[in-house]
Amino acid sequence: MNNYKLIVTDMDGTVLGGDHKITEENMRALKEADERGVKVVFATGRFHDSAKEHVTFLEEVMPIVSSNGAIIKHPITNEVLYCNSIDKDISLKILYFYLILCYFILYNFFITIIFRFIICNGCTFYNNLIFIKIINNCIVHIFSRLNFY
């Protein structure tokens with residue numbers, strides 16, 4: 001007697017092989033479960049479109065839990081059954097904070113390179129200031145193009 005009604009499985013590192021395709025052994029086992037009336041659901045960290053190409057071999061195609069559980073969609077109709085996303089304004093604030101952080105990391109990285117160059121090559125103080133201003137202007141130019149100011 002079959003007591004199982006549902007199998008929920010991950011994709012990467014579980015049913016997918018090294019070639020990022022479902023292995024023959026896993027495909028046979030999941031097809032057999034499907035034929036016995038056991039529903040097969042994939043839960044993955046992948047985006048929905050990346051995951052849905054792997055489920056069409058089943059007769060009864062079930063919704064896919066994707067993006068680490070943030071969205072559940074039907075792979076054929078693309079009907080969204082559940083979505084838990086971050087608010088757009090919060091996402092933009094996080095992105096803005098990240099870009100500012102990257103600015104400071106890049107700035108400090110270039111300053112470190114400049115000072116190593118100065119120490120190794122014995123540049124004058126005046127040349128150092130010009131070098132720092134050039135790097136600073138480049139970074140400011142890159143970030144101003146992102147329209148976050």
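Is D49 buried or exposed? I began my notes with this residue and found that D49 is exposed, with a relative accessible area of 51%, where exposed means over 50%, buried under 20% and partly exposed in between, taken with a 1.4 Å probe and protein chains only.

**Ground rules**

I noted that this is a predicted model, in which local features need pLDDT of at least 70 and side-chain atom pairs count only at pLDDT 80 or more, while totals for chains, interfaces and linings use all residues. Residues are numbered from 1 along each chain as its sequence is written, and side-chain values use heavy atoms, with hydrogens and water left out.

**The chain as a whole**

I counted 4 helices and 5 strands in the chain, these being DSSP runs numbered from the N terminus, with helices (H or I) of at least four residues and strands (E) of at least two. Read from the N terminus, the order of elements is β-α-β-α-β-β-β-α-α. Of the 149 residues in the chain, 26% are buried. The chain exposes about 10,800 Å², and 61% of this comes from carbon and sulfur atoms; such areas come from the Shrake-Rupley method with a 1.4 Å probe, and for residues only the protein chains shown count as cover. I also looked up the contacts (heavy atoms within 4.5 Å), and among those with a separation of 6 or more, 46% join residues 24 or more positions apart.

**Helix 1**

I then followed helix 1, residues 24-35, which has 12 residues and reaches 16 Å from its first C-alpha to its last, close to the 16 Å expected at 1.5 Å a residue; the expected span is 1.5 Å times one less than the number of residues. Its buried residues are L30, A33 and D34. Seen down the helix axis, these buried residues fall within an arc of 100°, so they line one face of helix 1; the arc is that of the directions from the axis to the C-beta atoms. They pack against strand 1 (6-9) and strand 2 (39-42), whereas E24, E25, R28 and E35 are exposed on the other side of the helix. Just after helix 1, I found G37 with a positive phi of about 90°.

**Salt bridges**

Side chains of opposite charge can pair when their charged atoms come close. I found 3 salt bridges in the structure, each a side-chain nitrogen of Lys or Arg within 4 Å of a carboxyl oxygen of Asp or Glu.

- D12 pairs with R46, with the closest N and O atoms 2.8 Å apart. This pair links distant parts of the chain, since D12 is in the loop between strand 1 and helix 1 and R46 is in the loop between strand 2 and helix 2, 34 residues apart. D12 is partly exposed at 34% relative accessibility, but R46 is buried at 16%.
- R36 pairs with E32, with the closest N and O atoms 2.9 Å apart. R36 is exposed at 59% relative accessibility, and E32 is partly exposed at 40%.
- K52 pairs with D49, the residue I opened with, at 3.7 Å from N to O. Both lie in helix 2, 3 residues apart, about one turn of the helix, and K52 is partly exposed at 24% relative accessibility.

Which residues does H54 touch, not counting residues up to four places away in sequence? I listed M11, L16, H20, K21, I22 and R46. H54 is found in the loop between helix 2 (48-52) and strand 3, and counts as buried at 8% relative accessibility.

S66, in strand 3 (residues 64-66), is buried with a relative accessible area of 0%. With residues up to four places away in sequence left out, S66 touches T44, R46, F47, H48 and I71.

**A surface patch**

Last, I looked at I86, I90 and I94, which form a nonpolar patch on the surface with about 290 Å² of accessible area together. A patch takes residues with over 30% relative accessible area and no salt bridge, joining like charges within 9 Å and nonpolar side chains (Val, Leu, Ile, Met, Phe, Trp, Tyr) within 5 Å. I86 lies in the loop between strand 5 (80-83) and helix 3 (88-121), and is exposed with a relative accessible area of 55%.
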